[in-house]
Amino acid sequence: MNRTEHGYAAIEGLAGTMIQPYLVRLSAPVDEATLRGVLRALITAYPKLRTVVEPGLHRCQFRVLPEGRLIDQLFERVLRVHPGLELDDPDVLLAWHRDALHEVVPLERGLGVRVHFAPHPARPALIFGVPHIFADGMTMVHLVSQLLRGLEGGPIEPMPLEAPSMLGAIAPTHWWQWPRQLWRSRAHRVAERRQLAALHVQQLPTRLQPHYTTTGLCHHQVPVGTARLRAAARGRGVSLNTLVVAALAQAFLEQAPDDPLAAAVIRISVNLRRHYPASAGHGPLWGNHVGAFLVIEADPRKPLLARVRSVDAAIREGQARYARREMAWTYLWDELTPWLGRTLIGHIAVKMMRAGRFPKISCHATSLGDVAAIQPPAGRVRVEQMVGVVNSISPLPVLTELDGRLGIPMTWQRAETDEADVRAFLTRVDAVLARMADEVLSATEGPPELPVARAAA
């Protein structure tokens, strides 16, 4: 296990089951027997799906179960069929997805995959879930694409099994660079903490609790199409993801328009795969290889276009620190995680939660990007909707683009925040994105479009 996987193993029970249920609505009927056969082939090709968490002498480790009778027995619990679900009812679909989000998968037993299938004469749906300890978002999208390939009768690509230390993604290139890079990393960390201590971090209405209960789930689709949003992003020289992060920040800051110390603090996920040196010879690194940095936005009265420029600069700098190998200080401490053990890590987490000492952020935003690449070329079975989520102790929006639509599903701790507050926040995000598009495009398109009615969440 790498340091992230040890952390997931320790907080699996505290924060709730960390399964990642990806809801996938298909464009054509799928035979149950065919789906069962494809899933069995996927488990054979992907050793991580046959992995269990096994106690070692001093720390936990992964053990890949061998193919054979044991896997056949465990596979009996992988696929469950739900006939008669009214899939065209958004409330039914949401409730079904929420149940899957709370499903408990015994990591010490296996198999690390759960699939729920709802037949439909035209547009069936399935929920494909893998615990976060075995896969990050990039790996999940790849697994869904392989599942679609199998449903089309194509071969499933075997997954190489790799387990490099995450240290390789942040270590300086040469030994003599360590002192300088460590100093720069620590200096940034100290400055960031000093900055945060002087600000009023905006959050969803939150009532800290000594225990978590269940996770809230909201399906949400932005009413403004991605073609218009992407045109607005290009008009400012930024990416669509940057535009949405700026909208999230603005929506938080609008909660305190008259507070000069108000700030939105958004944790951004980073794909560490691109930062491993090519000389290491790694493959696709399916599994968990994710880092993060903070985007800190202040001044609630800053104009929207200035907000976009500011967020873009913060994201570029955060990504550049990884490219310059200036994240070593933080991650060197994290490398101690495997040696602390599940009990001590869990104990520390419980004490921090009850003392209210978890890092105070507005939300943790992650992006799956445009998932159109999962579609099989000229395939009969295509994805019409994909909603990927995971449990989180902080509000977690997952940005997902498909067929010109932007989805922002969100999970949060229900013990701390009410659903009405989450939906009100997402409504503000919609309004901010519409204003951003209008302000950028009105100069070249003439009169701005009338606001599009908000889709039902």
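**Note on the predicted model**

1. The accessible surface of the protein is about 20,200 Å², and carbon and sulfur atoms hold 56% of that area. The structure is a predicted model, so every value below is computed from predicted coordinates.

2. On overall dimensions, the C-alpha atoms fill a box of roughly 65 × 55 × 45 Å along the principal axes. The radius of gyration is 22 Å; a compact globule of 457 residues would have one near 23 Å, so the protein agrees with that expectation.

3. Of the 457 residues, 52% are buried. Among contacts with a separation of 6 or more, 77% are between residues 24 or more positions apart.

4. The protein carries 51 positive and 43 negative side chains. The centres of these two sets are 7 Å apart.

5. The secondary structure consists of 13 helices and 15 strands.

6. Gln181 lies in helix H6, which spans residues 178-197. Is Gln181 buried or exposed? Its relative accessible area is 4%, and because the cut-off for buried is under 20%, Gln181 counts as buried. Beyond its neighbours within four places in sequence, Gln181 is in contact with Pro172, Arg324, Arg325 and Glu326. As for distance across the model, Gln181 and Thr34 are separated by 147 residues in sequence and by 53 Å in space, C-alpha to C-alpha.

7. Thr400 belongs to strand E13, residues 396-402. Thr400 has a relative accessibility of 5% and is therefore classed as buried, the limit being under 20%. Which residues does Thr400 touch, not counting those up to four places away in sequence? On one side of the sequence they are Leu368, Gly369, Val371 and Met386, and on the other Arg405, Leu406 and Gly407. As a general point, side chains in a regular strand alternate between the two faces of the sheet.

Note on methods: Residues numbered from 1 in each chain as written. Predicted model: local features only at pLDDT ≥ 70, side-chain atom pairs only at ≥ 80, totals over all residues. Heavy atoms only, no water. Helix = DSSP H or I, 4+ residues; strand = E, 2+ residues; numbered from the N terminus. Rg over C-alpha atoms; globule rule 2.2 N^0.38 Å. Buried < 20%, exposed > 50% of the residue type's maximum accessible area, 1.4 Å probe, protein only. Contact = heavy atoms within 4.5 Å. Areas by Shrake-Rupley, 256 points an atom, 1.4 Å probe, with all protein chains shown as cover. Lys, Arg positive; Asp, Glu negative; His and termini not counted. Charge placed at Lys NZ, Arg CZ, Asp CG, Glu CD.
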